[in-house]
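Subject: Structure handover

Hi,

Here is the structure I promised to pass on.

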Amino acid sequence: MCGIFAYTGKKGKDAGGILLKGLLSLEYRGYDSAGIYLPESGSVKTPGAVAELRKKIPKNFKGESGIAHLRWATHGEPTEKNAHPHADCDGEIWVVHNGIIENFKELKARLVKSGHTFKSDSDTEVITHLVEDHLKKSAKGAKSFEKAALAALNEIRGTYGIALQYKNEPDKIIAARMGSPIVLGLGGDEHFIASDPSPILPHTRKVIFLEDGEVAVISPDKHRIFKLDATNVKRKATKIDWSAEDARKDGYEHFMLKEIMEGPEVIENTLRGRLIPAKGLAKLGGLESVAKQLEKIERIIIVACGSAYYAGLVGEYMLEEHAGIPVEVELGSEFRYRKPVLNERTAVLAISQSGETLDTLEAVREGKRRGALTLGIVNSVGSTIARETDAGVYNHAGPEIGVASTKAFISQLTALALLTMFLGRQRGMTAKEGKIIANELRALPAKLQKLLKQKESIDILAKKYSGSRDFLFLGRRYNLPVAFEGALKLKEISYIHAEGCGAGEMKHGPIAMIDEKFPTMAIAPKDSMYQKMISNIHEIKARKGSVIAVATDGDKEIAKLVDDVIYVPETIDMLSPILNVVPLQLFAYYFAKEKGLNVDRPRNLAKSVTVE
Ligand code: M6R
């Protein structure tokens with residue numbers, strides 16, 4: 001996700017150096033382009049890394065203040081033109097922004113009509129033109145920049161963390177927050193604004209976290225906070241005693257936990273601007289260019305690895321049941337060696353968080369060679385798979401640092417649900433069915449928020465079972481891939497033997513392993529397979545195996561049968577994996593933590609596997 005850093009001080013002319021260093025400590029957030037603006041020297045922007053930006057900066061790039069940005073593309077390609085900071089028509093007002101301006105199309109149309117010229121495709125640019133508009137209308141005065149900024153902020157809708165600067169008042173920077181974090185750093189004769197404390201900590205440990213709907217003005221020796229209605233806010237500074245590494249973890253002990261806890265926001269980000277609930281439609285801009293071709297597609301082959309492969313298996317159930325398209329799911333590492341039979345009526349859909357997994361990439365290339373339409377569900381903007389596929393859907397899950405896929409998996413399932421609506425409505429799915437899925441999707445973030453409140457009890461449960469050397473995960477239908485994913489999570493970070501298995505398949509072999517030392521996690525929501533799952537649980541209990549059930553809220557019956565229950569809010573069958581997988585992620589996390597293991601960087605594993 002985008003990162004912001006802004007500086008104003010009286011310590012010489014090295015604002016450029018300070019900002020570049022700060023950007024380096026924000027790199028972990030993931031980004032595709034970078035940029036910087038100093039009122040005394042102008043702006044420099046580039047696609048790619050901070051190192052590229054540094055190379056482009058001229059020797060005389062000096063100043064006492066400035067704003068800088070790392071961009072994770074949402075609206076507009078990751079190009080120099082779309083990189084931040086963005087300016088108004090006269091190049092006097094500059095902004096860096098993290099978030100999405102939802103009403104930018106209306107605002108842009110109005111501004112263009114009144115004579116403004118836009119230079120980028122980004123939603124962010126409307127902010128500077130709006131400020132310019134208000135500034136030109138207002139009587140010039142000491143506070144007119146502030147007033148114009150406030151008027152502009154009151155017009156925009158969406159999420160934002162913003163830093164704004166005006167060439168004619170160079171030592172002043174205005175920040176605002178709505179949904180995207182902003183922290184102020186308070187030094188003696190220097191002040192900072194950032195998306196998180198990590199770039200501020202080398203300079204000062206005194207910070208103030210802005211809340212939604214708040215605006216701050218900083219200058220070298222003071223700061224002021226007020227609300228969008230201009231009423232003043234008094235807020236004491238907090239002293240941060242964590243390290244920069246901890247700051248990036250947002251106070252969580254591990255990235256994995258932070259990323260699990262981001263789930264509700266991740267679902268919202270994957271859905272943002274893509275649902276028309278009243279019509280039961282999904283709008284996927286990244287597929288528009290191939291929409292006509294997609295109408296003729298007769299078969300989809302999903303290619304992926306690891307967790308993304310399991311997401312694909314859930315997608316198979318969704319797409320076949322609700323969009324009526326035959327789907328096969330293939331491991332990227334096997335697909336290209338299989339001499340698959342494909343034609344132009346086949347779509348090869350790659351699912352990949354990193355967009356760089358070599359096995360998945362080669363499967364896409366094989367699909368292309370054999371004449372298939374290639375699609376991607378990819379998190380990392382501008383990655384190789386995103387570039388090489390014909391069209392696709394970005395996850396917008398933000399960077400995932402923990403090696404174990406958690407929030408990326410949730411967003412892959414959400415994107416697959418959107419794809420199911422998109423393709424389903426092209427085929428037999430009625431508006432009524434589309435509306436049910438859309439409304440359930442919109443309800444998911446609140447349901448997940450409720451579920452995450454149980455993390456302490458899942459911690460206790462993980463401690464209770466942490467002596468086990470083996471674990472079986474059982475599920476059926478939509479939740480069979482969830483069982484596979486739950487087992488993968490546990491084995492990859494706690495190094496114990498864990499197996500995912502179809503509950504109906506258990507009697508064909510795996511049940512032989514069950515005894516009092518071999519516990520089972522049974523994913524048993526109240527869906528069409530519930531009674532069958534209950535019978536399978538009985539079979540385990542009859543062999544003295546302990547069972548933890550992941551069950552639907554209010555299911556008292558199951559509690560009588562099993563040893564422990566984790567309750568999950570109810571939703572429709574096709575979306576239940578999005579909720580049911582989260583307790584399994586938390587269980588694996590606390591289990592590995594209890595064993596004192598390196599949760600974020602498990603042995604032998606890499607985040608992005610770019611070798612065969
Ligand atoms: O970046 P990708 O989604 O293509 O990665 C695929 C797998 O390597 C990945 O999901 C891996 O299985 C994770 N460590 C699972 O937690």
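Below is what I found, going from the overall picture down to single residues.

First, the ground rules. This is a predicted model, so local features need pLDDT of at least 70 and side-chain atom pairs count only at pLDDT 80 or more, while totals for chains, interfaces and linings use all residues. Residues are numbered from 1 along each chain as its sequence is written, and side-chain values use heavy atoms, with hydrogens and water left out.

**Overall**

The protein has 20 helices and 27 strands (DSSP runs numbered from the N terminus: H or I of at least four residues for helices, E of at least two for strands). Along the principal axes, the C-alpha trace spans about 80 × 55 × 45 Å.

Of the 612 residues, 60% count as buried (under 20% relative accessible area; exposed is over 50%, partly exposed is in between, with a 1.4 Å probe and protein chains only). Among contacts with a separation of 6 or more, 71% come from residues 24 or more positions apart, where contact means heavy atoms within 4.5 Å. The protein exposes about 23700 Å², and carbon and sulfur atoms supply 51% of that (Shrake-Rupley method, 1.4 Å probe; for residues, only the protein chains shown count as cover).

On charges, there are 86 positive and 79 negative ones, and their mean positions are 2 Å apart. Lys and Arg count as positive, Asp and Glu as negative, with His and the chain ends not counted; each charge is placed at NZ of Lys, CZ of Arg, CG of Asp or CD of Glu.

**What UniProt says**

An unreviewed UniProt entry places "domain: SIS" at residues 290-429 and 461-602. Its positions are given in the numbering used here, feature names are shortened, and annotations may be inferred rather than shown by experiment. Over residues 461-602, the chain is 40% helix and 20% strand, with the end C-alpha atoms 22 Å apart.

For "active site", the unreviewed entry lists Cys 2 and Lys 607. Cys 2 is in the segment before strand E1 (3-9) and is buried, with a relative accessible area of 8%. Beyond its neighbours within four places in sequence, Cys 2 is in contact with Arg 29, His 69, Leu 70, Arg 71, Trp 72, His 97, Asn 98 and Ser 195. Lys 607 sits in the segment after H20 and counts as partly exposed at 27% relative accessibility. Leaving out residues up to four places away, Lys 607 touches Gln 353, Glu 400, Ile 401, Gly 402, Val 403, Ala 404 and Ser 405.

**Some covered spots**

Helix H8 (residues 263-271) is mostly covered, with seven of its nine residues buried. The cover over those buried residues includes helix H7 (255-261), strand E16 (275-276), H14, helix H15 (431-452) and helix H20 (576-594). After H8 comes Gly 273, with a positive phi near 70°.

In H14 (residues 407-426) you'll find Ala 417, which counts as buried at 0% relative accessibility. Setting aside residues up to four places away, Ala 417 touches Met 318, Leu 441, Met 574 and Leu 575.

Over in H15, Leu 451 is buried, with a relative accessible area of 1%. Leu 451 and Val 568 are 117 residues apart along the chain, yet their C-alpha atoms are separated by 6.1 Å. Apart from neighbours within four places, Leu 451 is in contact with Tyr 567, Val 568, Pro 569, Leu 579, Val 582 and Pro 583.

**Backbone points**

The peptide bond from His 84 to Pro 85 is cis, with omega near 0°; Pro 85 is in the loop between strand E4 (65-71) and strand E5 (86-87).

Which residues other than glycine have a positive phi? Lys 339 is one, near 50°; Lys 339 lies in the loop between helix H11 (332-335) and strand E20 (346-352) and counts as exposed at 64% relative accessibility. Asn 604 has a positive phi of about 65° as well, and Asn 604 is exposed, with a relative accessible area of 75%.

Cheers
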